[in-house]
Amino acid sequence: MSRTAMFISCAVGMALTCVFLAPASVRAAGPAFGTPSVTAELGQQLTFSSTIDGDDIQSVDVLIHLEGNPTTVILNSGVQINDEYQAQADIDIASSAECACLSPGITAPNTHFDFQFRATNSDGGTSLGPVAQGVFQDNRFQWQTLSEDQVVVHWYAGDQAFGKSAADVANGAIDTASQLLGVTLDKPVDLFVYNTEDDMRSAISPDRENVAGEAHPDIDTMYVWIPSDQGAETFAGTLIRHELTHLVFHRAVDNPYNGVPRWLDEGTAVYLSEGYTSYWQGFVNDAVANKTLIPLDGLSGLFPSVQSEFYLAYGEAVAAVDFFIRTYGDQTFWNLVKSYANGVSDDEAFSAATGSDVEAFNSAWFQSLGLTPQSPVGPQPGATGPLPPDWVGFDVPPTLSPYLPPPPGGPATVQPTQGTIGGVHETARPASGSGNPAAGASQSDPTSILLILGLVVALIVGTFAVGVALRGRS
């Protein structure tokens, strides 16, 4: 037999062997998936549906991806009618993609996502269905849409001129922010204009008591409420500029490693939308006069919820940004913001831009206002309790361990500890005659002597009685 014929024979034999030895889970055909669908409307649960036909299906779930985010959000399917599988939940898809978990809440309108069903068999093998796309929508209103330059405006109250004025303000805000921050948008952003605050709040933040607007950088969308009888050049224009600045700012600093202090984010938005106006100066000046100015490290996270401190936080944020730009210039501020895109820490970003860390910048800003930053205030010690009776007459209580342990390998000596009172060392010791073992041993106690004599007498009498009893028996 030739080598070629031998090779073909062996190959055929191995193929047949593989067929007969292949496990049933490999030979069996996977489940057949139908076309998936989703219900994604405000006021309803997110509902994913698909038909899946198969003999060995142990569990089914849905894999969800926020558009532009590779994180997989897994939603288990708990409803099955014949071959129809459903998965339902009230989740915020964007927040879930950030935490790789199921974040409860509502998904914001204009959230684009893709999804697919996954079936798992008894051996642990999985099969994936087709990928489908969805977008969460607020279908309560008849939306009008205007696309112009870098923004797409959506509104339902007001005429075409109203939508045009909102688009003009939005594009102007994007241009201003892009010039200062040195970044441009790679695609248009969506601006949703609600006619009332209640309409907007129910769509994005139903748990908040009041909200004028929100920017959602993760889906390149912002929401504001502007009455249709008002033009976008009033306070509404400031609101649009503020929220759009957030979108440009987050595009400039976007990175997966480190966030940006909230005071820098909000301060930039206020600075570019309206500036450090007398309105915000009033809050800062009052805090300076009362010496209640909050250091910047206290504004790096969430702002205070108390109304007066909430507005003060915004005032301080824009004041600090204004001080930075007046001190170092626009170019240095651009360098500061852009450095965050590399995932650096706050101190690294400020040191690269100014040569000093955040604490030094905070101190310089405080000094420009005639103040000195206060030292951090942490938990305070509780009030001193009553002294034990054995310690009456002393100025301070003993430590938790009033005696030091014996030194290793040495005699078991007892050594009093040393306390410090105003810089003066004082030995902690018990009151005279009450806790001194040596003093107690050297004193005579009549009661103790009588007790000992009584025991001796009882012992003698008992011994005599036992001897009499034994003699009688013998």
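Between which two strands does the loop that holds Asp 220 lie? Asp 220 lies in the loop between strand E14 (213-216) and strand E15 (221-225); helices (H or I, at least four residues) and strands (E, at least two) are DSSP runs, numbered from the N terminus. The model is predicted, with local features needing pLDDT of at least 70 and side-chain atom pairs counting only at pLDDT 80 or more, while totals for chains, interfaces and linings use all residues. Residues are numbered from 1 along each chain as its sequence is written, and side-chain values use heavy atoms, with hydrogens and water left out.

**Asp 220**

- Asp 220 is buried, with a relative accessible area of 12% (buried means under 20%, exposed over 50% and partly exposed in between, with a 1.4 Å probe and protein chains only).
- The side chains of Asp 220 and Arg 251 are joined by a polar contact of 2.6 Å (a pair of N or O atoms within 3.5 Å; within protein, one must be able to donate a hydrogen and the other to accept it, and residues adjacent in sequence count only if both atoms are side-chain atoms).
- Leaving aside residues up to four places away in sequence, Asp 220 touches Lys 187, Val 189, Asp 190, Leu 247 and Arg 251 (contact means heavy atoms within 4.5 Å).

**Strand E8 and its partners**

- Strand E4 (residues 59-66) runs antiparallel to strand E8 (residues 112-120), and 8 bridges join them (two strands pair if DSSP finds at least two bridges between them).
- Leu 63 has Gln 116 in E8 as its bridge partner.
- E8 is also joined by 4 bridges to the antiparallel strand E10 (residues 132-135), where Gln 133 is the bridge partner of Asp 114.
- Strand E9 (residues 126-128) runs antiparallel to E8 with 3 bridges, and Thr 126 in E9 is the bridge partner of Thr 120.
- The hairpin of E8 and E9 has 5 residues between the strands, and Gly 124 in this hairpin takes a positive phi near 90 degrees.

**Second largest pocket**

- The second largest pocket holds about 490 Å³ of space (a pocket is an open set of points on a 1 Å grid over the protein atoms alone, where a 1.4 Å probe fits, with protein on both sides within 12 Å along at least five of seven lines).
- Its lining has 23 residues (those with an atom within 4 Å of a point), and the closest to its centre are Pro 295, Asp 297, Asn 362, Pro 373 and Gln 374.
- Helix H11 (346-354) and helix H12 (358-368) each supply at least two lining residues, and H12 gives the most, with 5 residues.

Notes. Grid points are joined across faces, edges and corners, and a volume is the space filled by probe spheres set on the points.
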